Amino acid sequence: MSFNKSKKEEMILTLYGLIDNWENEVIEFKEAEKDYDRDKIGRYFSALSNEANLRGLQYGWLVFGVNNKERKIVGTGYRNSKGLDTLKHEIGAGMTGGMSFIDIYEIFPVVDGVEKRVVMFQIPAAVTAIPTGWHNQEYARDGESLVPLSEEKRERIRRQVRLDWSKRFIPNATMEHLDKAAISIAREKYKQKMDDLHISAEVDKMSDEEFLERRKLVINGRVTNAAMLLLGNSAYDYLFESVPEASWRIYDSKEMVKDYEIYKIPFITLGDRILKNIRNLTYRYMPDQMTLFPMETKQYDTWVLRELLNNCIAHSDYSLGGRIYVNEFEDKLILTNPGSFIPEGIEPILNPGYTSPFYRNQLLAEAMVMFKMIDTETTGIRRVFHIQRERFFPLPDYDITSKERVEVTIYGKEINEKFTYLLHDNDNLNLVTVYLLDQVQKGKQVSKEAAAHLRKHKLVEGRVNNLYLSAPLAKTEEDRVQYIKNKAFDDKYYQDMVVNYLRKFEKANRAAVRDLLIDKFPDTLSPKQKERKVLTLLTALKRNGIITTDSENKRIANWILTDNGEND
């Protein structure tokens with residue numbers, strides 16, 4: 001698998017470090033001269049994953065191309081021609097919870113003047129309280145032997161309490177390693193959140209350390225992961241076990257990377273920094289099949305982008321390593337973050353009253369709410385769906401099939417104009433129904449019950465396995481005429497009619513102007529409102545110096561053009 005030169009050099013140093021510490025039961029070396037049995041790889045994955053968990057480590061290593069007895073680099077031909085890309089999927093298919101390698105590194109250290117191929121498999125520690133099994137069998141290490149997981153080790157894993165990564169302290173980190181400008185932003189955001197003069201005055205009197213102590217981000221001078229992630233100085237990011245990073249990449253029409261940027265801590269400003277790079281062009285579309293004028297909007301709602309990006313920050317599994325990615329395409333954005341999707345599905349979140357069973361980074365999420373970065377609990381995702389629905393845009397797509405990352409796609413244009421029309425004509429649909437309708441427009445399968453529900457509302461047609469959106473109800477000629485009569489033109493249209501009349505006939509009394517305009521106004525206005533609108537239009541023309549009267553006697557006065565009106 002490909003990675004850059006500096007990473008290759010880093011992994012070669014890591015390899016030598018592993019060789020020097022070979023006694024560790026979370027490292028296994030194999031020559032794998034030509035090939036290696038996949039079932040054995042799965043069993044070693046299970047064993048190394050469980051042992052890493054029991055030792056409080058983030059991962060273990062299976063290394064091909066190193067002699068196990070002499071710890072000598074000999075090289076390997078394992079999948080030299082077949083490639084390694086498909087192995088992650090093959091292993092994940094048989095592993096507990098779909099777990100697979102964090103990464104697979106192919107490196108070429110030089111031994112006695114000759115390059116030797118080495119493959120390093122980085123294996124994640126077992127999830128808290130859940131032993132890792134291969135095809136429902138759990139394994140462990142006993143010295144250098146591969147053995148079934150003992151009942152004692154199994155119970156030690158199962159009794160574990162789920163720990164909050166964001167609440168853990170960073171060894172050797174102090175207030176001096178935080179960014180003062182970031183702390184200042186946090187203080188201001190907190191005051192805005194609380195919106196209380198008394199609290200603001202209290203905050204202003206606090207030192208930075210007192211403020212962070214009150215927010216539980218710093219305790220007795222000890223800095224938490226949450227504090228360092230949001231407010232840390234990037235010069236000291238090496239204090240993390242695994243350095244948090246984010247990356248923005250923009251792709252051309254052929255989906256080739258045109259440009260990119262990598263971002264470090266402090267993450268409290270990450271949203272602002274990334275949003276500066278994202279193109280947010282004006283998009284024009286017809287929300288209704290009968291409209292005369294297109295609707296104009298930005299491709300992406302700024303609040304939506306901030307919420308989704310900050311959700312990536314709040315819910316990433318930082319123990320896995322990896323980056324948050326914002327990938328920008330011509331018509332959509334794809335955001336990814338390391339870690340699994342805790343709710344196990346999207347539909348439950350769309351129902352009012354849903355609450356998550358737990359939060360991966362509880363302290364971090366609480367701090368981000370305090371600093372106005374995310375909405376409370378799960379209401380943010382629901383609001384994102386509401387905003388897209390109100391814009392008549394496709395809803396976000398969540399890919400939660402992987403246990404190692406979450407991917408969300410936000411669309412910057414319509415996919416199917418029928419979907420747009422159906423939302424416009426059915427503004428009383430609840431969010432779950434709109435979600436199901438969105439699934440159909442994207443060609444995704446829905447259940448028989450969901451299909452029946454959509455048919456009941458006359459939103460879809462076809463068989464369950466081949467549903468398609470219903471055409472919006474056809475408008476009769478009478479409907480179309482009434483639509484135009486109900487459609488209001490802007491004031492300049494009516495004012496131009498008055499000016500053109502005066503240019504041709506030189507003058508007009510109020511009754512003539514009334515007759516000119518009154519039947520042009522939309523039928524939605526009452527007779528009294530139409531009379532008032534005539535007066536409003538004439539007053540505006542007079543105020544702008546375009547028309548005036550030829551007499552001060554209102555009974556006999558006519559409207560005429562001024563010199564400005566003649567030359568306009």
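Leaving aside its neighbours within four places in sequence, which residues is tryptophan 303 in contact with?

Good morning. The structure before you is a predicted model. The protein has 568 residues, and 47% of them are buried. It contains 21 helices and 23 strands. Its accessible surface comes to about 30100 Å², and carbon and sulfur atoms account for 47% of that area. Of the contacts with a separation of 6 or more, 64% join residues 24 or more positions apart.

Let us now turn to one pair of helices. Helix 10 covers residues 302-315, and helix 13 covers residues 379-390. Their axes come within 10 Å and cross at roughly 150 degrees. Angles over 145 degrees count as roughly antiparallel, and helix 10 and helix 13 are therefore roughly antiparallel to each other. The crossing of helix 10 past helix 13 is left-handed.

Which residues meet here? Helix 10 contributes Trp303, Val304, Glu307, Leu308 and Asn311, while helix 13 contributes Gly380, Ile381, Arg383, Val384 and Ile387. By type, six residues of this contact are nonpolar, two are polar and two are charged.

This brings us back to tryptophan 303, which lies in helix 10. With its sequence neighbours within four places set aside, tryptophan 303 touches Asp375, Gly380, Arg383, Val384 and Ile387. Tryptophan 303 and valine 384 are 81 residues apart along the chain, yet 8.2 Å separates their C-alpha atoms. Is tryptophan 303 buried, partly exposed or exposed? Its relative accessibility is 25%, so tryptophan 303 counts as partly exposed.

Thank you for your attention.

Conventions. Residues are numbered from 1 along each chain as its sequence is written. This is a predicted model: local features need pLDDT of at least 70, side-chain atom pairs count only at pLDDT 80 or more; totals for chains, interfaces and linings use all residues. Side-chain values use heavy atoms; hydrogens and water are left out. Axes are lines fitted to C-alpha atoms, for helices over the stretch in contact, and angles run from 0 to 180 degrees between N-to-C directions. Helices (H or I, at least four residues) and strands (E, at least two) are DSSP runs, numbered from the N terminus. Angles under 35 degrees count as roughly parallel, over 145 as roughly antiparallel, 65 to 115 as roughly perpendicular and the rest as oblique. A crossing is left-handed if the near helix is turned anticlockwise from the far one by less than a right angle, and right-handed if clockwise. Contact means heavy atoms within 4.5 Å. Ala, Val, Leu, Ile, Met, Phe, Trp, Tyr, Cys and Pro count as nonpolar, Asp, Glu, Lys and Arg as charged, and the others, Gly among them, as polar. Buried means under 20% relative accessible area, exposed over 50%, partly exposed in between (1.4 Å probe, protein chains only). Accessible areas come from the Shrake-Rupley method with a 1.4 Å probe; for residues, only the protein chains shown count as cover.
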